[in-house]
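Reader: I am new to this structure and would like a close look at a single part of it. Please take me through the disulfide and then through what surrounds it, step by step.

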Amino acid sequence: MKNIIYSLLMVGFLLGVQIAPAGAVTVAINNYQGAWVGTTTYDAGNIVTYNNQTFLSLLASNLNKTPGASASATYWQLLGSNVAGPTGATGPVGPTGPQGLAGPIGATGAVGAKGATGATGTFQSGTAIGSILYWNGTAWVEVIPPLNAQGQPIPRFQMCANGKPGWVCAPYKVGDIGPAGGVVFYVTKDGMHGLESAPQDISISPSQGWGCKGTSVNTSMDVGRGASNTKQIITSCPSLISSAGIAARYAMAYSLNGYNDWYLPSINELTILYNNSNIVGGVVPGFIGTQYWSSSQYDSKMVWYFAFGTGNSYATADKSDAGLWIRPIRSF
């Protein structure tokens with residue numbers, strides 16, 4: 001019944017007229033009184049605001065009846081409210097926005113503190129003042145000046161046309177220092193190629209002599225065949241490949257100024273070396289031994305050697321003889 005009366009009152013309020021339904025008190029409903037004050041007496045139809053809400057007085061002599069209180073429903077009717085309702089549920093997260101533009105590059109940071117000084121490095125051989133090095137494709141190799149008969153270095157070092165340094169460059173002649181630092185004892189007609197001897201004997205006599213006793217090795221006596229002879233000896237004596245106790249192995253193991261292609265001379269190469277031994281011996285210290293191995297086999301048990309003491313190149317020695325000397329040579 002109260003809701004019907006309230007609805008009639010609201011219609012009358014909207015139309016600006018007074019409505020007096022049966023059994024209800026006639027009130028003026030367009031009388032706004034401002035904010036509610038507890039000491040003020042309100043008539044029916046007075047409108048007040050309280051706690052962000054608007055109320056309509058339902059009775060006359062409405063005194064000290066707080067609008068909105070649980071016991072005041074007889075005195076006041078709520079018309080509207082500006083009070084915030086409860087917070088709604090959080091909505092779903094929206095899609096990620098587009099990537100923003102890159103920010104500007106920051107300023108360069110300060111230079112860090114200077115680190116501690118490292119330990120002093122070691123110097124490799126050949127870095128002393130006046131030393132000469134060359135790159136052999138793998139490492140820096142010191143070039144050792146050869147000595148003359150008086151034991152003095154031969155000061156003829158220069159850069160050769162083949163890109164390698166040498167004490168004497170082509171064309172060579174007998175007695176020159178070769179590309180590897182040995183002594184030239186044979187040259188071709190144009191002087192561009194030849195043979196050089198190691199500047200000294202290998203001081204250790206091979207404990208197993210020439211090796212391969214009882215095995216026939218395919219060797220030659222000719223000039224230019226010493227290298228192939230030496231390799232053939234190593235190949236034909238597999239049980240001695242790992243042994244440095246044979247003459248061929250000692251010759252192949254020889255190295256000078258980074259050159260590792262030395263070998264045991266054939267008998268004819270050894271003969272030429274003997275014929276020029278006075279020149280070779282005048283450039284470097286002379287020959288210590290009197291009998292030198294060649295790489296030329298005589299038969300399965302004997303080998304050609306050269307007797308420097310007598311000049312006899314057609315002497316043979318047992319392959320197991322341990323008393324002969326070695327002078328490596330190389331070709332260039």
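Author: With 85° about the S-S bond, the link between Cys212 and Cys237 is right-handed. The model is a predicted one, and in it the two sulfur atoms of Cys212 and Cys237 are placed 1.1 Å from each other. The structure holds 1 disulfide, and this pair links distant parts of the chain, since Cys212 sits in the loop between β12 and α2 while Cys237 sits in the loop between α2 and α3, 25 residues apart. Is each of these cysteines buried or exposed? Cys212 has a relative accessibility of 6%, so Cys212 counts as buried, and Cys237, at 4% relative accessibility, counts as buried too.

The loop between β12 and α2, which holds Cys212, is also the place of Thr219. The relative accessibility of Thr219 is 18%, and because buried means under 20%, Thr219 counts as buried. Which residues does Thr219 touch, once its neighbours within four places in sequence are left aside? The contacts of Thr219 are then with Asn229, Ser295, Ser296 and Gln297. Thr219 can also be placed relative to Gln232, for these two residues are 13 apart in sequence, and their C-alpha atoms lie 7.1 Å apart in space.

From the loops we can turn to the nonpolar cores. In soluble globular proteins, nonpolar side chains tend to be buried together. The largest nonpolar core here has 30 residues, and those with the most contacts inside it are Trp210, Ile233, Trp262, Leu264, Trp293 and Ile326. Helix α2 (226-236), helix α3 (247-253), strand β14 and strand β15 (312-318) each supply at least two residues of this core, and α3 gives the most to it, with 4 residues. A second, separate core has 15 residues, among them Ile272, Tyr292, Trp304 and Phe306.

Strands β13 and β14 run antiparallel and are joined by 4 bridges, and the bridge partner of Tyr292 in β14 is Phe306. Both Tyr292 and Phe306 have been met above as members of the second core.

A pair of aromatic rings is described by the distance of the centres and the angle of the planes. For Tyr274 and Phe306 the ring centres are 4.6 Å apart and the planes stand at 35°, so this pair is tilted. The pair links distant parts of the chain, as Tyr274 belongs to helix α4 and Phe306 to strand β14 (residues 302-307), 32 residues apart. Tyr274, at 25% relative accessibility, counts as partly exposed, whereas Phe306, at 1% relative accessibility, counts as buried.

Strand β12 (residues 194-197) runs antiparallel to β16, and 3 bridges join the two. Within this pairing, Ser197 has Ile329 of β16 as its bridge partner. Strand β12 also brings us back to where we began, since Cys212 lies in the loop between β12 and α2.

Key: Residues numbered from 1 in each chain as written. Predicted model: local features only at pLDDT ≥ 70, side-chain atom pairs only at ≥ 80, totals over all residues. Heavy atoms only, no water. Pairing = 2+ DSSP bridges. Phe/Tyr/Trp six-rings, centres within 6.5 Å; stacked < 30°, edge-to-face > 60°. Buried < 20%, exposed > 50% of the residue type's maximum accessible area, 1.4 Å probe, protein only. Core = buried A, V, L, I, M, F, W, Y, C linked by side-chain atoms within 4.5 Å. Disulfide = S-S within 2.5 Å. Contact = heavy atoms within 4.5 Å.
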